[in-house]
Amino acid sequence: MNNCIMLCAAPPAAPTAPTGAQQQSGFGMMVPMLLILAIFYFMMIRPQQRKEKERRKMIEELRAGAKIIFAGGIIGEIVEAKEKTFTVQTSAGTEMEILRSCVQGVVTPEEPAAK
């Protein structure tokens, strides 16, 4: 019975062209995406690269006698600087060898040391 009703129904109308609206070109759709990528680069990636470059420069300039903070929060004084590592004295008679990449920052005299 349903088949008979479906056969008697009029065919659907053909789709009509949109009036007043034009389709966007591929380039027009790419412009907002490129704008978002440019904003993302200048707001997030570039500042992070600059910060990492300054950190590398700071690590290269470290010499024996400088007081540093490790990434783990330990504070020590550089005894010997090697190519890839530092020998650091954390307390009297206690020396550790750490990688240069583990250095978080330099302790300045104005900064109070953690107690």
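Read along the sequence, the chain goes α-α-β-β-β-β-β, which makes two helices and five strands. Helices here are DSSP runs of H or I with at least four residues, strands are runs of E with at least two, and both are numbered from the N terminus. This is a predicted model, so local features need pLDDT of at least 70 and side-chain atom pairs count only at pLDDT 80 or more, while totals for chains, interfaces and linings use all residues. Residues are numbered from 1 along each chain as its sequence is written, and side-chain values use heavy atoms, with hydrogens and water left out.

The five strands form an open sheet in the order 4-3-2-1-5, with antiparallel pairing; two strands count as paired if DSSP finds at least two bridges between them. Strand 4 (94–99) and strand 5 (103–106) stand at the edges with a single partner strand each, so one side of each has no neighbour in the sheet. On average, neighbouring strands of this sheet are turned by 45° against each other, direction ignored. Axes are lines fitted to C-alpha atoms, for helices over the stretch in contact, and angles run from 0 to 180 degrees between N-to-C directions.

Now for the individual pairings. Strand 1 (residues 67–70) and strand 2 (residues 75–81) pair antiparallel over three bridges, and K67 sits opposite E77 in strand 2. These two strands form a hairpin with four residues between them, and G73 in the turn has a positive phi of about 100°. Strand 2 then pairs with strand 3 in the antiparallel sense over four bridges, with I78 opposite V88 in strand 3. That pair is a hairpin too, with three residues between the strands. Strand 3 (residues 85–91) also pairs with strand 4, antiparallel again, over six bridges.

T87 is a handy place to look in strand 3. T87 stands opposite E97 in strand 4. Is T87 buried or exposed? T87 is buried, at 11% relative accessible area; the cut-offs are under 20% for buried, over 50% for exposed and partly exposed in between, with a 1.4 Å probe and protein chains only. Leaving out residues up to four places away in sequence, T87 touches E77, I78, V79, E80, K82, E95, M96 and E97, where a contact means heavy atoms within 4.5 Å.

**Helix 2 and the surface**

Helix 2 (residues 26–60) lies across strand 3 and strand 5, and runs at about 75° to strand 5. F40 lies in this helix and is partly exposed, with a relative accessible area of 41%. F40 also belongs to a nonpolar surface patch, together with L35, I39, Y41, F42, M43, M44 and I45, and the patch has about 830 Å² of accessible area in total. Patches take residues with over 30% relative accessible area and no salt bridge, joining like charges within 9 Å and nonpolar side chains (Val, Leu, Ile, Met, Phe, Trp, Tyr) within 5 Å.

For the whole chain, 14% of the 115 residues count as buried. The accessible surface comes to about 9,900 Å², and carbon and sulfur atoms hold 61% of that; areas come from the Shrake-Rupley method with a 1.4 Å probe, and for residues only the protein chains shown count as cover. Among contacts between residues at least 6 apart in sequence, 34% join residues at least 24 apart.

**Salt bridges**

How many salt bridges does the structure hold? There are three, each being a side-chain nitrogen of Lys or Arg within 4 Å of a carboxyl oxygen of Asp or Glu.

| Salt bridge | N to O distance |
|---|---|
| E52 and R55 | 3.2 Å |
| R56 and E52 | 3.6 Å |
| K82 and E97 | 3.4 Å |

K82 lies in the loop between strand 2 and strand 3 and E97 in strand 4, so their bridge ties together parts that are 15 residues apart in sequence. K82 is partly exposed at 32% relative accessibility, whereas E97 is exposed at 51%. The salt bridges that share partners join E52, R55 and R56 into one network.

Within helix 2, E52 and R55 are three residues apart, about one turn of the helix. R56 and E52 are four residues apart in helix 2, again about one helical turn. E52 is partly exposed at 28% relative accessibility, R55 is partly exposed at 25%, and R56 is exposed at 51%.
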